[in-house]
Amino acid sequence: MSDQRVAFVTGASRGIGRAVAERLANDGRHVVLCSRSAAPLNDLAGTIEANGGAASVCACDVGDRDALSGAIEGVIKERGRLDILVNNAGITRDGLALRMSDDDWDEVIRVNLTSAFAAIRAAARPMMKQRFGRIVNVASTSGLVGNAGQANYAAAKAGLVGLTKTIARELGGKGITCNTVAPGFIQTDMTKDLPESVTAQVLSTMAVNRLGDPADIAAAIAYVTSDEAGFLTGQTIAVDGGLTMC
Ligand code: NAP
């Protein structure tokens, strides 16, 4: 079995997940790239390998908990280990709470929150055997301070914070850490269609006078998943340019 650390990153096809995958590969991890369709993941794996890194592809809908658990079990069988789990895949289905459809509520909870629970359960046993694991759940400042129009999303992201603290307590004695990284406003597909007025309003409340870049989040996740971060667990780290400071 290779002693190279193996990282499973969901939502790796673009945006924050892609930046995390590239960063972890640059840091010497073998990165397993997960999102729904294989084509963008194969392209990214090619880019990582061309830069001297190691990656493999695992196309899977994280909203299907059996498929996700099976995918993680497959990685462990194939690679013999799993050291780092980054639960990053996420979606929004915004609307005011009183008008929100049950489907939009259920889908956002399933993809953003239930997927993390399923992935952690699949990854925890091998991590316990290794007596080493680094789990990161990617939440949002919406889950920390709320956001009108995002009842489903804010509830899912706040749920990740509680899940993180509980997993940190349950698995801390086994060498496994679990933390939340909560991005603020990051320039990705998820935010590209927001009206300029919203962007300007967000910028006006931030301490740092720029919007976030996916690499800003990747840098935080690289540290939290490093070997040297073994004393950091149960925390929620808002990487938001001073948007919330809570
Ligand atoms: P993005 O650009 O929209 O990318 C979302 C990623 O999730 C894609 O790789 C997408 O891949 C994947 N994904 C979506 N549904 C999936 C599913 N059912 N199964 C597997 N993969 C799925 O979003 P982003 O901005 O990078 O956001 C990444 C994370 O950061 C999310 O959890 C988001 O909530 C959080 N976040 C983002 C911001 C921001 O300002 N951008 C702020 C706070 C928090 P496919 O569509 O190819 O499957």
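Predicted model: local features only at pLDDT ≥ 70, side-chain atom pairs only at ≥ 80, totals over all residues.
1. Now look at who Glu-22 pairs with. It makes a salt bridge with Arg-18, and the closest N and O atoms are 3.8 Å apart. Arg-18 is partly exposed as well, at 26% relative accessible area. Why can these two meet? They sit 4 residues apart in helix H1, so about one helical turn separates them. As a rule, an α-helix has 3.6 residues a turn, so residues three or four places apart point the same way.

2. Stay with H1 for a moment. This helix covers residues 15-26, which makes 12 residues, and from its first C-alpha to its last it reaches 17 Å, close to the expected 16 Å. Its buried residues are Ile-16, Gly-17, Ala-19, Val-20, Ala-21, Leu-24 and Ala-25. Just after H1 comes Gly-28, with a positive phi of about 95°.

3. Glu-107 forms a salt bridge with Arg-110, and here the closest N and O atoms are 2.3 Å apart. The two are 3 residues apart in H4, so again about one helical turn lies between them. Glu-107 counts as partly exposed at 23% relative accessibility, and Arg-110 is partly exposed too, at 36%.

4. Out of the 10 salt bridges in the structure, have a look at Arg-5 with Asp-83, where the closest N and O atoms are 3.1 Å apart. This one ties together distant parts of the chain: Arg-5 is in the segment before E1, Asp-83 is in the loop between H3 and E4, and 78 residues separate them. Both partners are buried, because Arg-5 has 17% relative accessibility and Asp-83 has 0%, with the cut-off for buried at under 20%. Follow the shared partners and you get one network of Arg-5, Arg-81, Asp-83 and Asp-227.

5. On to the nonpolar side. The largest nonpolar core has 40 residues, and Phe-8, Leu-68, Ile-72, Leu-82, Leu-85 and Ile-135 have the most contacts inside it. Elements giving two or more residues to this core are strands E1 (6-10), E2 (30-34) and E6 (176-183), plus helices H3 (65-79), H4 (102-130) and H6 (151-171). H4 gives the most, with 12 residues. To see how the packing works, click on Leu-85: among the residues it touches are Phe-8, Ile-72, Ala-119, Ile-120, Met-127 and Ile-135. There is also a second, separate core of 30 residues, which includes Ala-19, Val-20, Val-181 and Ala-220.

6. Last stop: Thr-10, in strand E1. Thr-10 is buried, with a relative accessible area of 3%.

Key
Residues numbered from 1 in each chain as written. Heavy atoms only, no water. Core = buried A, V, L, I, M, F, W, Y, C linked by side-chain atoms within 4.5 Å. Buried < 20%, exposed > 50% of the residue type's maximum accessible area, 1.4 Å probe, protein only. Contact = heavy atoms within 4.5 Å. Expected span 1.5 Å × (residues − 1). Salt bridge = Lys/Arg side-chain N within 4 Å of Asp/Glu carboxyl O.
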